[in-house]
Amino acid sequence: MWFLFRTSLGLCLSLFACLTMAADWPEFRGPSAQGLAAQGLAAKTNVPLHWSQTENVVWRTELAGQGWSSPIVIGKLIYLTAAIPQAGSEPDKPAFDLTLLIVNADSGQLIRTVKLFSEAPAAPAIHQKNSHASPTPTCVGERIYLHFGHQGTACTDLQGNVLWRNDRLSYPPVHGNGGSPVVVDDALIFSRDGADNSEVTALDNTSGEIKWQRERAVAADKKFSFATPLLIEVAGRRQLIIPGSNVVQSLDPKTGEEIWRVIYDGYSVIPRPIYANGLVYISTGYNRPSLLAIDPTGSGDVTSTHLRWQSDTNVPHTPSLVAFGEQILMVSDKGIASSVDALTGQENWKERIGGNFSASPLLIGDRLYLLSEEGEMTILQIGAQPSVLAKNKLGERCLASPALIGSDLLIRSATALYRITNPPAAQ
């Protein structure tokens, strides 16, 4: 056993020595934070179009426990989280180890499992479409940030060695955790929208201690939401866009000071905002979501002055949006893909894909990759009217958003992580 441990550790350290500091896919929705492939990749055609459980699969790695966090990629390593039932815990009320998983990107070998927190059997219940490990890790420099909502937040180095933990920010959740954190300079920022609290928190990313906290200060019967913030820059000033129940706010990421807000009627907000064509686009959550296009140049309550348009047709509750030129592309939870004009909100087209959707779309050049909960990926060629290029079935439940590693796809299912490629002849 010691020999095996030393061999694995040696392999692990040699991989870390080869890491570059440039992250391939460093956070939820990738380097753009908006579901867009890197500019160089977008011009290529060798991203996979066809696969199955066995065809064009580089490797398939079984994952212990449960988790709907998306994988991130740093050099030759893949990082994701999982909630693994503790040995001896009761099947109907398991206790979980909340963990970081590190996978060798070339071989698919699970290199290391790092326990970060323990979740007791009496922990609050989660939604049937959620997991105890849903927020996606974030990497900046040589640090990986892991967030488990009300259960705690941690930071490790690239080897998985724990640098700090903070489990002192617990709050009563509804349906579990969801939103991923972002890093801005020396701050790690995330929302804390639960049963009776609605706020944004920033931690010092070197210590895990609180830097600032900002109450949303808006009336909402249902305060819980799960959105991931988006950092943008407008007229030389950085803004952190973060939706919650009944409000989307723009905050100064250094201080938490509110720059502007737009009020709406919605809760359990999940999609991450996007920024394109000089406008911020958000989905307002339950009960019926609206797509809002907001001019981010205002200050204070700009609901009546800077809301450029609103659409209420086929807007997703869960998947995030993606921008393609002057189109906003989306897929509803019930499987209707659509495009609206980014400047007016007028519908360009819609296409019934079929299936149910939670994963956010991935745009590679003019190809839109849509992964259903049933494990089927539909690839659309985007034009004046979309055309279906391929439909590929894994046959496993999929809620996590896909990621890219080079020109290969990473898809996480309920039980495994896949790396999918094109065969050499197809490239």
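Mentor: The second largest pocket has 17 lining residues, and Glu27, Ala33, Val183, Leu231 and Arg272 are those nearest its centre. This is a predicted model, where local features need pLDDT of at least 70 and side-chain atom pairs pLDDT 80 or more, while totals for chains, interfaces and linings use all residues. Residues are numbered from 1 along each chain as its sequence is written, and side-chain values use heavy atoms, without hydrogens and water.

Trainee: What makes something a pocket, and what makes a residue part of its lining?
Mentor: On a 1 Å grid over the protein atoms alone, a pocket is an open set of points with protein on both sides within 12 Å along at least five of seven lines; a cavity is a set where a 1.4 Å probe fits but cannot get out. Lining residues have an atom within 4 Å of a point, so Glu27 belongs to the lining for that reason. About 290 Å³ of space lies in this pocket, a volume being the space filled by probe spheres set on the points, which are joined across faces, edges and corners.

Trainee: How is that lining divided by class?
Mentor: It has 12 nonpolar, 3 polar and 2 charged residues. Ala, Val, Leu, Ile, Met, Phe, Trp, Tyr, Cys and Pro count as nonpolar, Asp, Glu, Lys and Arg as charged, and the others, Gly among them, as polar. Ala33 is therefore nonpolar and Arg272 charged.

Trainee: And what about the largest pocket?
Mentor: That one holds about 640 Å³. Its lining has 32 residues, and Phe226 is one of the closest to its centre.

Trainee: How many aromatic pairs are there?
Mentor: There are 6. One joins Phe224 and Phe226, with 6.2 Å centre to centre and 55° between the planes.

Trainee: Why is that pair called tilted?
Mentor: Rings of Phe, Tyr and Trp (its six-membered ring) pair if their centres lie within 6.5 Å; planes under 30 degrees apart are stacked, over 60 edge-to-face, and the rest tilted.

Trainee: Are Phe224 and Phe226 buried or exposed?
Mentor: Buried means under 20% relative accessible area, exposed over 50%, partly exposed in between (1.4 Å probe, protein chains only). Phe224 has 10%, so it is buried, and Phe226 at 11% is buried too.

Trainee: Which cluster do these rings join?
Mentor: Ring pairs link Phe224 and Phe226 with Tyr267 and Tyr286.
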